[in-house]
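Here are my notes on the model you sent over.

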Amino acid sequence: MAARAFADRHRYWLLILPALAAMLIFYVWPLIQIFAISFTEPTTGFGNYVELLSSRAIRTSFVITFRVAALTTVGCLLLGYVVAYAIYNTRARYVGLMLMLVLLPFWLSVLVRSFAWIVLLGRGGVVNDALIGLGLIDRPLALMHNEFGVLIAMVHVMLPYAVLPLMANMKGIDPSYVAAARGLGASELTAFRQVYLPQTLPGIFSAALLVFVISLGFYITPALLGGGRVLMISEYITYQIQEFLKWGLGTALSVALLVATAAVILAAARFVNLRKTLLERG
Amino acid sequence: MTAPSSPSVLSIRKAVKRYGTVQALGGIELDIGEGEFLTLLGPSGSGKTTLLTAIAGFTGLDEGRLVLRGKDITDLPPDRRDFGMVFQGYALFPTMNVRNNIAFPLKVRKWKPADIQARVEECLALVQMEGFADRMPSQLSGGQQQRVALARALSFRPSVLLLDEPLSALDKKLRADLQWELKDLHRKLGVTFIYVTHDQDEALSMSDRIVILKDGLVQQIGEPGALYNAPRTTFVADFLGKSNFLDVEVEGFAGGRARCRAGGESFEVATEAPPAGGRGRVALRPERIRLAPPKGAAFEGAIRQTSYLGERCHVILDHPGFGQILVSCPTWKSGVVPEDGLPVSFDWDADACVFLEDA
Ligand SMILES: Nc1ncnc2c1ncn2[C@@H]1O[C@H](COP(=O)(O)OP(=O)(O)O)[C@@H](O)[C@H]1O
Ligand SMILES: [Mg+2]
């Protein structure tokens, strides 16, 4: 009996061994390398971290990063809540179609979607042309290469990550609660605010955490829409490594980003069931 | 008998509701009396929930009016109707503790905090749930949730309480206990109860009047005893308790008794007027049949099968003319000891049979 259980356990390990090996070789090992480099390049010691803490440019970049991530999160929550709510409160006939529309962006590369925003928001872009054509403005508005443009595109790209956890959450809410609230004398608004909304708080937390954490390390969209003027930390790292070949500072920034993200997740763990949020999404 | 004995609180006039081709309500006419315990009884799909939710305002009627104490409420939204409601699955708000659940209807009515607090305590006492105020609904058993749902529905002192199969999720023993409590509560509070169930025992034991529904139509309305003893249709006779059915020829009528023939036997049926045309169908309750040793009673048969239920015993008899006859006898005083294959004789009193209208 015991031997059998032992053999079973080994078979199990055998099955996940390839994935585990890949993980160790291509993820954990480079991570250790990065960690090591940040303390050894160009000279051994804490030099990179001292620079990290004293550089104003870096501090600015971190502030921008957290601000963009936070605003993106707020935008995604507002829009995503409405979308998810609509999906579960419209006729069953359209639910499939709406679900597909939510998932559709996943089939298209983030790069393509970000370029699409450049086409729309650029100085000679569709939006500016249309506004000038209508005579509403005489000079093109600065819709991109600033935080505004980055935010619009980020919200767009991140929206499904907000909608999916919210949907998973709303799917589990029995419509009879709101009906009961109405029957007990609550107006539509009161029933929503006091009965429905509190039940979606777990979904809201999940969505917020997911969007915020992914946004923190996002590279493509801020790089394209920011045009080098909205330097989020990922782009900053790329500059350090690709342009200035400052591997030490680049890796130190990476470690700092990793630590910051971990801190956010740990802080969130006080409010959210992480296992449920990140592993068991429906 | 079919009208309420007290002035009408709620009148339902020609209520019609269709779902596509399904007629969920087929023109219901009903008056509910002040302080009455009225039960809507019917098989699944008969339109009970539809009628109750139409009264509550969750389901819009296609035709017909609802009148509450002379005021037309047909077009009012549910929150403006002021009915208390207990939902089938209780629908206790999972994010609120027991206290806040019960206080909810009071808060939305803008009661003063002190009044709310006092009323919540009162309601908890009413359903014997003192000491549970700070529990969350998920920490309560089914029966306790049921009590809280009841307290919540009653907290704002509605004059009419709507209950949709409130006991159906509970086990049998608890259900029986809560039936007593509900009835007691109804008597104490004087609130009008409109109660939906598919359980005939529940309906019989609690109601002042029962409305029997089938396919969105009222089959019969009456007090439990009247309905049980004088069903008008095969459906009612069969749904409310069990019945044997005999198709009879009426051979004569005198002194309130119709002389009937069925299955080669003849017997008398007490009636005020036998059906015209000389043919009819009677319903015969299993517990009205007496069993005796062979030659001890009018009809001779044999026991085909028995089913022991503790306080009662159900026996299926074979009779050459009647076919199979179901008999229900108290186990402690039966004329015979039921046993498969045993030859027996049986009979019944003239007033045990009831003529049905839909023969
Ligand atoms: N929302 C609905 N959509 C379509 N058909 C419905 C709906 N609600 C009820 N029905 C139909 O109306 C009939 C009555 O239903 P219901 O009132 O729920 O019966 P009961 O509560 O007596 O079981 C059934 O045939 C049911 O299928
Ligand atoms: Mg029902």
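1. First, a reminder on what we are looking at. This is a predicted model, so please read every value here as computed from predicted coordinates.

2. Read along the sequence, the pattern is simply α-α-α-α-α-α-α-α-α-α-α-α-α-α. The C-alpha trace of chain A spans about 80 × 70 × 30 Å along its principal axes.

3. How do helices α2 and α3 of chain A cross? Helix α2 (residues 47-54) and helix α3 (residues 56-88) have axes that come within 5 Å and cross at roughly 70°. An angle from 65 to 115 degrees counts as roughly perpendicular, and α2(A) and α3(A) are therefore roughly perpendicular to each other. On the α2(A) side the contact uses Glu51(A), Leu52(A), Leu53(A) and Ser54(A), and these meet Arg56(A), Ile58(A) and Arg59(A) of α3(A). Sorted by class, that contact has three nonpolar, one polar and three charged residues.

4. On to the domains of chain A. The assignment gives domain 1 as 1-40 and domain 2 as 55-279. Their C-alpha centres lie 33 Å apart, and the contact takes four residues from domain 1 and six residues from domain 2. Between them, domain 1 of chain A and domain 2 of chain A bury about 450 Å², with 87% of it on carbon and sulfur atoms. Ile34(A), Ile37(A) and Ser38(A) are the ones to click on: they supply 75% of the area that domain 1 of chain A buries against domain 2 of chain A, more than any other three residues. As for salt bridges across this domain interface, the rule finds zero.

5. Chain B also comes with two domains in its assignment: domain 1 covers 8-238, and domain 2 is written as 242-288 + 299-355. The centres of these domains, taken over C-alpha atoms, are separated by 38 Å. Eight residues of domain 1 of chain B are in contact with nine residues of domain 2 of chain B. The two bury about 710 Å² between them, and 44% of that is on carbon and sulfur atoms. Tyr228(B), Thr234(B) and Ala237(B) supply 61% of the area that domain 1 of chain B buries against domain 2 of chain B, more than any other three residues.

6. Now the interface between the chains. The contact takes 16 residues from chain A and 19 residues from chain B. Chain A and chain B bury about 1500 Å² between them, of which carbon and sulfur atoms give 71%. Which residues of chain A lose the most area to chain B? Tyr177(A), Arg182(A) and Leu184(A) do, together giving 40% of what that side buries.

7. Across the interface of chain A and chain B the rule finds one salt bridge, and Arg182(A) forms a salt bridge with Asp79(B), the closest N and O atoms being 2.4 Å apart. Over all chains, the count by this rule comes to 31 salt bridges. Arg182(A) lies in helix α8 (residues 176-183) of chain A, while Asp79(B) lies in the loop between β5 (71-72) and β6 (84-86) of chain B, so the pair joins two chains.

8. There is a cis peptide bond to check in chain A. Where does Pro42(A) lie? Pro42(A) is in the loop between α1 (2-40) and α2 of chain A. The peptide bond leading from Glu41(A) into Pro42(A) is cis, with omega near -20°.

9. Last, a backbone detail in chain B. Arg69(B) is not a glycine, yet its phi is positive, at about 45°. Look for Arg69(B) in the loop between β4 (63-68) and β5 of chain B.

Terms used:
Residues are numbered from 1 along each chain as its sequence is written. Chains are lettered from A and ligands numbered from 1 in the order in which they are written. This is a predicted model: local features need pLDDT of at least 70, side-chain atom pairs count only at pLDDT 80 or more; totals for chains, interfaces and linings use all residues. Side-chain values use heavy atoms; hydrogens and water are left out. Axes are lines fitted to C-alpha atoms, for helices over the stretch in contact, and angles run from 0 to 180 degrees between N-to-C directions. Helices (H or I, at least four residues) and strands (E, at least two) are DSSP runs, numbered from the N terminus. Angles under 35 degrees count as roughly parallel, over 145 as roughly antiparallel, 65 to 115 as roughly perpendicular and the rest as oblique. Contact means heavy atoms within 4.5 Å. Ala, Val, Leu, Ile, Met, Phe, Trp, Tyr, Cys and Pro count as nonpolar, Asp, Glu, Lys and Arg as charged, and the others, Gly among them, as polar. Domain bounds come from an automatic or database domain assignment. Buried area is the accessible area (1.4 Å probe) that two parts lose on being put together, summed over both. A salt bridge is a side-chain nitrogen of Lys or Arg within 4 Å of a carboxyl oxygen of Asp or Glu.
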